[in-house]
Amino acid sequence: MSLKVYNTLARKKEEFIPREKERVSMYVCGPTVYNYIHIGNARCYVAFDVIYRYLQYRGYGVTYVRNLTDVDDKIINRAKEEGLDTKEVAEKYIKAFHEDMENLGNKPPQIEPRATEHIDEMLEVIKCLIEKGFAYEIDGDVFFEVQRFNGYGELSGRTLEKMRAGERVDVDKRKRHPMDFALWKSSKPGEPNWDGPWGKGRPGWHIECSAMSSKYLGMGFDIHGGGHDLIFPHHENEIAQAEACAGKAPFVRYWLHNGFVNIRDEKMAKSLGNVILVREILKKYGSNVLRMFFVSTHYRSPINYTEENLDSAAAALERIENAIQNIDYLLNKSEEIAGTAMSGIEGFEEMIKGVEEKFAQAMDDDFNTASALGAIFDFIKEINLFLEESQKNLSEKSRYLLKEARDKLIKLMGVLGIKLGRKEVAKKLPGELLDLAKSIVGQAFEKEGTALGALVDAREKARREKDWTKADLVRKELGKLGFILKDTPRGCQVIYEEK
Ligand code: AMP
Ligand code: ZN
């Protein structure tokens, strides 16, 4: 079975043949660190985390590089707003980004290069482009001359004529073509700057990714990824810079782009002011639900953020978790349950064997997580039927099969980065629990643990009394503090996600 990936450059699915037989090289554009990341950004990093995990699952060694853009106009502006210097802004949001990645359950890349630590490499590429006649300098700024590069527009499918038609009026008149883009920008007083042959300045954004990806992965590496909005101009420009300087192609073998997260029919974007921060949503739903929301749709399709869609993801996840909990419950019973010979045991055994193949087939088709989940849910149906039978008749063999089924579910969901079979986590609990219990239960508690227990009991009681408003209030308020309540056949399980 071969893996097929949709290559934006070829505009079709292609068989994935890496440069080296057993090792895949992958570069994903990382964040510009001037703000907390939102769900749209998170989708990109989760999509490529799943791709990373699946490539590893398939037996490849993967060198995964994801950069940090720590010099940019947006960082300079944010520094002015926050009264910090640009380094402090970058450090603050790099730390926040790392926290968000960990809380999302993303594996860290092997290499995480920072732009400011690779200025020399960028200067080398810019000098090379000037020497080869692809770039020109004016008043301390250096521009790439798009007309000199033959393949310009191939990735995005745009011609220079069309681009010129969409030309903006405020285009810099010093440029030879309106689409020429900055490789080096002379710095204004007070801005971060480095010494270059053209005076003090800083690199443009696009040169950063060409220089760093080539440094760590070499020309012709396997996968370059990012969100759909990076195809033009960012990735188009990366190709032009890298291929013009190296004098050979391709810079990258497969270009992969994830679709947008939309909200109220618009792209979620910092510039549109409609973002929902990852850290907010994780507090409420936890990483498994957010990942379930993402992987329920193919990574290239757009996805709509609504509370209902997240609730459906939570419900879908709960079906899987319930199956695991019900298996655990039955397996924890010590006694055998003797009954008549069980029907369907062979079918179930086949199903356990087959589910992994179906899962892999779906993932081999351009990482189709939605269809891989389809295979998982077919499996859940069978598990539930088998569980019903097993309650009447639990033999040694059915115990073994149930355990196999459980392990398989945990393994396959793990490929999607969804961790199952977690037990309640004991961590230092937040002090706010005391106030919450006081206002909801109407009693003062000294210990957070007791307050939590009282709140969970109060919710159970409200549910028994069909006081859904109160039950929901407890769940929501606890959610804000990082607690996720799961109703299982054996009562309420509490998962605490906060650090
Ligand atoms: P930025 O920090 O804006 O450069 O974005 C970081 C990554 O998130 C890039 O790969 C973007 O393409 C991606 N991204 C930004 N907004 C969205 C969105 N609404 N949906 C999906 N991906 C996005
Ligand atoms: Zn990039």
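A salt bridge is here a side-chain nitrogen of Lys or Arg within 4 Å of a carboxyl oxygen of Asp or Glu. The model is predicted, so local features are reported only at pLDDT of at least 70 and side-chain atom pairs only at pLDDT 80 or more, whereas totals for chains, interfaces and linings use all residues. Residues are numbered from 1 along each chain as its sequence is written, chains are lettered from A and ligands numbered from 1 in the order in which they are written, and side-chain values use heavy atoms, with hydrogens and water left out.

**Figure 1. Domain 1 and domain 2 of the chain.** The domain assignment, whose bounds come from an automatic or database source, gives domain 1 (19-304), domain 2 (314-421) and domain 3 (426-496). The C-alpha centres of domain 1 and domain 2 lie 40 Å apart, and 18 residues of domain 1 are in contact with 26 residues of domain 2, contact meaning heavy atoms within 4.5 Å. About 1,900 Å² is buried between domain 1 and domain 2, 63% of it on carbon and sulfur atoms; buried area is the accessible area (1.4 Å probe) that two parts lose on being put together, summed over both. Tyr54, Tyr57 and Met292 supply 35% of the area that domain 1 buries against domain 2, more than any other three residues.

Figure 2. Two salt bridges are counted between domain 1 and domain 2. Arg300 forms a salt bridge with Asp366, in which the closest N and O atoms are 2.9 Å apart. On the side of domain 1 that touches domain 2, α1 (39-57) and α9 (287-295) each supply at least two residues, helices (H or I, at least four residues) and strands (E, at least two) being DSSP runs numbered from the N terminus.

**Figure 3. The disulfide of Cys128 and Cys245.** One disulfide is counted, the term meaning a pair of cysteine sulfur atoms within 2.5 Å. Cys128 and Cys245 form a disulfide with their sulfur atoms 2.4 Å apart, and the torsion about the S-S bond is about 120 degrees, so the disulfide is right-handed. Because Cys128 lies in helix α4 (residues 119-131) and Cys245 in helix α7 (residues 231-246), the pair ties together parts that are 117 residues apart in sequence.

**Figure 4. The salt bridge of Lys13 and Asp365.** The closest N and O atoms of the salt bridge between Lys13 and Asp365 are 2.8 Å apart. Lys13 lies in strand β2 (residues 12-15) and Asp365 in the loop between α11 (345-364) and α12 (369-392), so the pair ties together parts that are 352 residues apart in sequence.

**Figure 5. Backbone geometry.** Most residues other than glycine have a negative phi, and most peptide bonds are trans. A cis peptide bond, with omega about 0 degrees, joins Phe232 and Pro233.
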